[in-house]
Structures are given as structure tokens and as C-alpha cells.
Amino acid sequence: MYLLFHKAFGGEPDTAFLDVLLSDATRDALEGYADDNATMNGLARFLSQLAHNSSESFVAQTKSEFARYFVGPMALAACPYESPYRTNESTLFQQNTEDVRAIYRAHGLLPKGYLHVPDDHVALMCAFMARLAAETLSALRENKLTSLQNMLEEQAAFASEHLANWTPRYALQVRAERMPKLYPQLIEGFAAFTQVDAAFLERCASWAKGRAALPDVCRLQPSSSVREAFLRLDALDLVGLEDYELGRISS
């Protein structure tokens, strides 16, 4: 899910991205993760209704809407950075931006658009959480329990302190759009996801604490359709995405 939102909020949409976004695998992931969350289930239904809609006009409309929310040149319809929601000040590169940068640095990472794009841009934070999720999954499958617990605690803290605390206000801003095609619904679903995930990660960290072994169910593999959709999504190199990716700090 974090990889999906990273691509959605960081790069200009194209037919390949929309094919993955509107696939059954994405809908199943949303429904499976949402449980009884009405907003996430609503997003799953909305994407299902758009399924197979990759006409040239629809792609053009989503490109235009993406520019309105993430690129410009006009003033953005909603601010995609954390800091202004924390301080009620419209300036970028605030103290919170540096706090997020310090967390990236602790993992040997920096935005590829360092000092050009604020570190607390929503797409960058999704990229960071996607990396942590992949590393956590590896630790789980390799039965590295101490690493698993530490990483779950770190993810829970980041989700709570740097995502779930401001994304509901972000979602309120985007719903002012008069005739939304895709992005207001995606952002609203993402805001709901951050709330669900912060609570879920906290429960996971508590569950992993002090365990001597993991049950076999933890090593179940995803279905082939989910795996295929993930690989297709991971391979996408969307226009503009590079500035919203994280790279290793050179030694």
C-alpha cells in the first residue's frame, strides 16, 4: 500500500500505473486491510467502478488532476507536506522537515531531490515506509525476531508521529474539489489508511515483543496476482518520480 501511494503521489500517472491501481489486486489489498473502515472500503469500491478505464481522455484527466495537487504551476489545491499542518504556517523546510530528514539519515537514506524537495513530502514519507515494510517482511521470514520487533516499533512511531497526525486535515482540503476524477478519493483513502496502519503497527509491535519464535502462518506467501501487481508497480518509472525517491547516502 505504501508503494502504491508513493507512486500515486510522486509521479505523473500513465496507463501502466492506472492499470495496476485499478486492478483486482489493489482492490483486494484495500478490502483486506480495511476490515471495517468505511473510507478504505469506499475507495476499493470506487476503484472497482473505474476498472479498465484507461482511455486516453481518462489518462489525460488524471494527469491534469495530478498537476493540480502535486505539481502546479498554479497554487496547489492542497499542501502535500506535513509541516504546515503541524505549525499552521505555510512555509516549507520547517523544523519538522529536518526531524524527518534525521530519521531518513539514521537509515542511511536521503531524498534524491535533497534540498530541492522538502523531506516531509507525502510521497517521500510513503517511500520510506515502503522500504521499512520490505525490510520488516524480510526480518519476519528470516525469523530475526529482535530486528522484527525494533522495526515494527519504528514503523509504528513514524506512522503515528508523521502520517496519521496530519493526513485527515489534508484529506479535508482535497475534498473541496468540485468534480474529482481520482486524486481526492485517493488522498482521502490514504488518510484513512494511515489511521488504520498506525494502530495495526502498534498491535504488531506489541505482539512481536518477547516472542521466542514465530508461527508458520507468518511465512505465508502472497497470491500470484498480488505478487505480479506488486512487481509491476515496483518497476514503474513515472515522470517526475525521481525527486520523490530515497537513495543511499554516499560513503
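Helix α7 (residues 95-106) packs against α8 at an angle of about 30°, and their axes lie 12 Å apart. This is a predicted model, in which local features need pLDDT of at least 70, side-chain atom pairs count only at pLDDT 80 or more, and totals for chains, interfaces and linings use all residues. Residues are numbered from 1 along each chain as its sequence is written, and side-chain values use heavy atoms, with hydrogens and water left out.

- Axes are lines fitted to C-alpha atoms, for helices over the stretch in contact, and angles run from 0 to 180 degrees between N-to-C directions.
- Helices here are DSSP runs (H or I, at least four residues), numbered from the N terminus.
- α7 and α8 are therefore roughly parallel to each other; angles under 35 degrees count as roughly parallel, and those over 145 as roughly antiparallel.
- α7 passes α8 in a left-handed crossing, a term used if the near helix is turned anticlockwise from the far one by less than a right angle.
- V100, I103 and Y104 of α7 make the contact with L124, M125 and F128 of α8, where contact means heavy atoms within 4.5 Å.
- By class, this contact of α7 with α8 has six nonpolar, no polar and no charged residues.
- Nonpolar means Ala, Val, Leu, Ile, Met, Phe, Trp, Tyr, Cys and Pro; charged means Asp, Glu, Lys and Arg; the others, Gly among them, are polar.

**α8 and α9**

- α8 and α9 cross at roughly 160°, and their axes come within 9 Å.
- α8 and α9 are therefore roughly antiparallel to each other.
- The crossing of α8 past α9 is left-handed.
- On the α8 side, the contact includes M125, F128, M129 and L132.
- Their partners in α9 include S147, L148, M151 and L152.
- The contact of α8 with α9 has twelve nonpolar, four polar and one charged residues.

**α1 and α8**

- α1 packs against α8 at about 155°, with axes 8 Å apart.
- That makes α1 roughly antiparallel to α8.
- The crossing of α1 and α8 is left-handed.
- Y2, L3, F5, H6, F9 and G10 of α1 meet V122, A123, C126, A127, M129 and A130 of α8.
- By class, the contact of α1 with α8 has ten nonpolar, two polar and no charged residues.

**The largest pocket**

- The largest pocket has a volume of about 1900 Å³.
- Of the 47 residues that line the largest pocket, M1, A133, A134, L137 and F230 are the closest to its centre.
- A pocket is an open set of points on a 1 Å grid over the protein atoms alone, where a 1.4 Å probe fits, with protein on both sides within 12 Å along at least five of seven lines; lining residues have an atom within 4 Å of a point.
- Grid points are joined across faces, edges and corners, and the volume is the space filled by probe spheres set on the points.
- Elements giving two or more residues to this lining include α1 (2-10), α8 (122-141) and α9 (145-162).
- α8 gives the most to the lining of the largest pocket, with eleven residues.
- The lining divides into 31 nonpolar, seven polar and nine charged residues.

**Loop details**

- G72 and P73 are joined by a cis peptide bond, with omega about 15°.
- P73 lies in the loop between α5 (56-71) and α6 (83-87).
- N88 is not a glycine, yet N88 has a positive phi of about 60°.
- N88 sits in the loop between α6 and α7.

Definitions and conventions:
Angles under 35 degrees count as roughly parallel, over 145 as roughly antiparallel, 65 to 115 as roughly perpendicular and the rest as oblique.
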